[in-house]
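This report looks at helix packing, salt bridges and a surface patch. The structure comes first.

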Amino acid sequence: MTNIIKKAGIGTYINLAVFLLSLISLIIYAANGAAEGYFKGLTDSAVITMSVFAVLLSAATLVLPFITMKEPFDKAINIALILIKIGVSILLVSSLFLFISSRVEGLAYIFFSNEDVIAEVQTPANLASANTAITGFIFYGITWLVAMITVFFSPLKKEKAE
Amino acid sequence: MNKKLLGNALAGTSSILLSLAMIGSIGYSIADKWRSSVDDALGTTSWITKTDDPKYVSDYKTGKELMDAAKALSVREGAEGTVIMKNNDNVFPLQKNKKVALFGAASYHSYYSKAGNTDTVDLPSALKKAGFNINEDLEDIYLNHILAEYTETSGGWGGPKKTYVWDPNFSAGDYTTFKVNELAPSRFTEEGLLKNPIAADWEDKAKSDIAIVTFARPGGEGTTYKPGSALDTNGNPTGKNPLALSDDELAVVDTAKRLCGKVVVLLNTSCTIEVGPLVKGEHAVDGIAYIGIPNDYQFTGIVQALDGTVNPTGALADTYAFDSTSSPAMMNFGGDYYSDYTLVNEGYDDPRWPGAEIGNNVTGSFGGSASYSGGYYIVEAEGIYTGYNYYETRYYDSIANPTYKANSSKGVTQGESGWKYEDEVAYPFGYGLSYIDYEQKITNITVEDKANGNITATIAVTNKGDKDGKFLASLYVQTPYTDYDRQYKVEKSAIQFLSSEKVDVKAGQTENIQITVPTKYMASYDYTHAKTYIMDGGTYYFTTGNGSHDAVNNVLKAQKKLEGEAPMVKTWFKSGATDTTTYAVSESGAKITNTSDNIDLNYYLPGTVTYLSRQDWDATYPVNYNTVNNGKGVSLAASPKKDEWINELRNNQYTIKKDGTVENYDGKAGPKFNAESVGYDQQSNINDEYWDDLVNAIPANEAIGAVAHGGSQSDTLTNIENPVVKQNDGPNGFNGKTLSTNNGENAEEDIYFVDPESEEGKFKACINSQTLLGSAFSPKLAYDWGRLLGNTGLWIKNYQIWGAALNYHRSPYNGRNTEYPSEDPMLCNILGREITKGTREMGIISGPKHIGFNDQEHDRSGICVYMHEQKMRETDLRGFQGAVEEGEALGLMVAFNRLGAINASHHVGFLQDIVRHEWNFQGLISTDMMNNKYYFNPESAIMASVTQMADFAGNNSNINLGKDKVHDATWGYLSIDATKNDPALVDAAREAMKYQLYAFANSAVLNISTERVVPYWETAIKAIEYTTLGLGCVTLGGYFCVAVLSFKKKEI
């Protein structure tokens, strides 16, 4: 473990952040579709699938850099790592926009309905549901940005043996 | 630059660019979904309206082309709808080199649903034209001796009318006696009987190779058969059912058997005749064929099926029971009075009609005395077990589930012992013989287990004969009947018809066809517990077969409960327990739950009705709820909800409010209803603000009046410049309209001008036969009929028709079965869907009718029909659901009767919650004939979302405008003063106008086409998407180059 920490560069820590943030984003999304409130039952299997893949792939980005192999496999792993990180960012942005598109009408209904119905619409459960959705947007957005940033950074402090 | 840093920079940039490309792609799909809003916000447009380019244009260049197509379709309908039921020793196909004798008056005077064209083809002429050698001596006996006796009356509906002494009785009557008017051959030479006597040696002349005997049972609007009501030719009661063959009819069969080598019987009816004597015993014949109720040209096709010109592909749309009263539905049929029905009217001064004496008696099918018309009721205690759903389920349980007591003596009509399928059913639903041996086998089944999913079956149809031919393939399913169902009283038929298709197959070849049907139709409605649609976990058995009985036997074999192989069965397994969520949401996203608890008699009188359940056939077999309480029937006074019940029976579902304020009663001028204002957004979105602006321009009194007097035609309304749209009837086409009807004044400018003096100019295209369409089992034929109907509308410039009558046959005793396809709601469903699609594609608003259990005509104008909600949703309503949800109908006509105690046209749970909300129906809804102002009232109909009441009023949108102005004599209480303080009513009336106008906007009434154009924002999004995608790929490629270069360098 000590060895890993010694070898880990800033890229690894950003990868770890992507992993944790994507996991949190997924949990928020799932909770938003499961909890009582306006968005209960609105869980899109495509978002779940893409988010789960983003979590798994970002986990892979934590492991792959520390696998030492002979050339040419070691270089191939580095290329795969880059492709995975690009893939994670695309999965996350796709999840984010699908999430937003499925919630935007409901949010408009909850926050911008006519006065005569707004009291009926803004129940505690609906407001909690709306706030969870917005929190989810923020987490997905941040995760996506961090996921793009991580592509610029190497995971290790220095090149592995070449 | 360090290669590693360069590589990372390129990869990172690629990540950003590809993410942006993905944002562009998803962003575009979002913007596309909200296109009209984006256009509104940016001031752009995505659609332009082309007023000079009509969207709906006829498929035919001339009226003659349309006429020829109509005639050809009729012939095809006859050919595809004819059902060969019995074919001993290959008596069918009939051989043309044999001499054929036609027996029975109906062979010469058949019962038709006639369009009334002058070149109508009857059975004798169709046979002769096909080359048959008809026994002309016998023809002479019938035509010039027996059927020569008539009286002629002038006037009345349809002009002069001949009443024949020995014609088949062509009126079933209104739940009264029925005279079976067949002259027995033994009386042919009876002295003094006929003015033109028949020679004594007639039998010698009648001898032929083959006898065709035709028996008819009529039907029609306002008619209902009464069990046990048959009269003989002298008018004496026989004690038989009117649908049983009379002794005189059987005497005709016996004579034919004696004089001819072979005898076949044709059944000319929509009400299943009791054919038992023809099947076995002394009167048994060689062949039986069902020919339905032909229209003008169907006999040509019928003969094509009889003589083998085409391979018969028709199948029975109804179960033929040995006793026509043997289904549990017949335990409660006809109806009778509540024991204290006068509680509704006696001593009550209705504030809507102060001082008026209003009764609560039965008013008759076409109206009558002043009455709330709420005295009669029936309880449809059979639940979902009508038609084959009863016979086949009981059969299945008699073998597979002995504890369900299917062999009980309850419901037995044949013999003294327990119930046996083979004793009760002569020919099952879906049954029909083919001349060419063939096999149908499911090769693949896929089920999308979701609310808007589909079942897709691939069926291999193999022609095992030596001739090419057309064949029928049918798909059935058995869904699991589980502990959950038993606990919560969810009923399941042991076999369900899903859909069918026909296919041409060359001799010895196999063709694969696909049958697709929405998965939701396998779900069952649980009205007691989940209060929504459920789908049980377990094994689903899909099968083909020659009818429902064959199908259920296949399932029994697959389950090893009968001996034999069942290679045509495929299974699908749904894991888990009962699924109460997937089908609890409609395709439109609406939550589905109980809407109509009050249509159950148990709602008013808890514990009164025991509904038939397959888990105990003996204990739950229905009793007659009109004879409970020592024959008096149920009592209104006995209900803990007596006041509510009586109020409903007074047809007072909505009381006009007096304490609100309508801010825009007079209407505020806004946009007009014309091609300049209506474009793609308005056609595709009823929530577009244009519609609110449009209907808010209509004075509220006119909106209310336009609904109240909405029959015959729509009304011109102030401020919006809407056109008048005429309404037409009926299920067989535009009744009475020739192709030259509504010719434009100038032939040069009228592309649909037809010379009124030409053959096509005099041609009436109302040539459909609903009965033969039903027995054809062909969605394709139904679609083609719909399309032809639509074309006719364009040519005669009538754009709205009450067509596609889709009520299911609850029993054989409804005379109006003549207009409806089948006992099976699912067959009605798929045919209705296709008819509606066809007409809609031509821009014609075809409104299926009469949704909501118009399943008997006796006291149709008020009878209370009680049932549970599973029956409501899975029987009559299911018959219409396909036309609305899949066919996207723009019109509907509501049943005459009540649902529970409430006029079906006033029932909010039925019309608002199910039809409008769940089914997302956005078209116009009409009542049936408004023949009783005390039964129909506009405020209740408007609040239930009815858009027009069928009062035959012409251009009349008036309500009572007060002294010295227009006085509305029908609903005098409905005035400006009375309605100006009810914003909910005004809003609903304008909403009704919105639905009406929205339907017109999507039809040939407006007949505009729209063209898609690309706004700048769409170009911009696409440009961003493709540019970033391209650059992302380039930078990614750059990264690869750097990575690979570095890789190769190190290799060196």
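## Helix packing

In chain B, the axes of helix H3 (residues 63-81) and helix H22 (residues 779-796) come within 11 Å and cross at roughly 155°. Angles over 145 degrees count as roughly antiparallel. H3(B) is therefore roughly antiparallel to H22(B). The crossing of H3(B) past H22(B) is left-handed. The model described here is predicted.

A second pair spans the two chains. Helix H4 (residues 73-112) of chain A packs with helix H1 (residues 3-33) of chain B at an angle of about 25°, and the axes are 9 Å apart. Angles under 35 degrees count as roughly parallel. H4(A) and H1(B) are therefore roughly parallel to each other. H4(A) passes H1(B) in a right-handed crossing.

## Salt bridges

Over all chains, the whole structure holds 55 salt bridges. Three of them, in chain B, are tabulated here.

| Pair | N to O distance |
|---|---|
| Lys520(B) and Glu885(B) | 2.6 Å |
| Lys797(B) and Asp750(B) | 3.0 Å |
| Arg873(B) and Glu869(B) | 2.9 Å |

Take the pair Lys520(B) and Glu885(B), whose side chains meet in a salt bridge. Lys520(B) sits in the loop between strand E20 (510-518) and strand E21 (524-526) of chain B, and Glu885(B) in helix H25 (residues 876-886) of chain B, so the bridge ties together parts 365 residues apart in sequence. Lys520(B) and Glu885(B) are both buried.

Next, the side chains of Lys797(B) and Asp750(B) form a salt bridge. Lys797(B) lies in the loop between H22 and strand E26 (800-802) of chain B, and Asp750(B) in the loop between strand E25 (727-729) and helix H21 (770-776) of chain B, so this pair ties together parts 47 residues apart in sequence. Lys797(B) is partly exposed, at a relative accessible area of 22%. Asp750(B) is buried, at 11%.

Arg873(B) and Glu869(B) both lie in helix H24 (residues 869-874) of chain B, four residues apart, about one turn of the helix. Arg873(B) is buried, with a relative accessible area of 2%. Glu869(B) is buried too, at 3%. Elsewhere, salt bridges with shared partners join Arg76(B), Glu80(B), Lys502(B), Lys780(B) and Asp784(B) into one network.

## A nonpolar surface patch

Which residues make the nonpolar surface patch of about 460 Å²? They are Ile10(A), Ile149(A), Phe152(A), Phe153(A), Ile16(B) and Leu20(B). Phe153(A) lies in the segment after helix H6 (124-151) of chain A. Phe153(A) is partly exposed, with a relative accessible area of 32%. Patch residues need over 30%, so Phe153(A), at 32%, clears that cut-off.

Methods:
Residues are numbered from 1 along each chain as its sequence is written. Chains are lettered from A and ligands numbered from 1 in the order in which they are written. This is a predicted model: local features need pLDDT of at least 70, side-chain atom pairs count only at pLDDT 80 or more; totals for chains, interfaces and linings use all residues. Side-chain values use heavy atoms; hydrogens and water are left out. Patches are made of residues with over 30% relative accessible area and no salt bridge: like charges are joined within 9 Å, nonpolar side chains (Val, Leu, Ile, Met, Phe, Trp, Tyr) within 5 Å. Accessible areas come from the Shrake-Rupley method with a 1.4 Å probe; for residues, only the protein chains shown count as cover. A salt bridge is a side-chain nitrogen of Lys or Arg within 4 Å of a carboxyl oxygen of Asp or Glu. Helices (H or I, at least four residues) and strands (E, at least two) are DSSP runs, numbered from the N terminus. Buried means under 20% relative accessible area, exposed over 50%, partly exposed in between (1.4 Å probe, protein chains only). Axes are lines fitted to C-alpha atoms, for helices over the stretch in contact, and angles run from 0 to 180 degrees between N-to-C directions. Angles under 35 degrees count as roughly parallel, over 145 as roughly antiparallel, 65 to 115 as roughly perpendicular and the rest as oblique. A crossing is left-handed if the near helix is turned anticlockwise from the far one by less than a right angle, and right-handed if clockwise.
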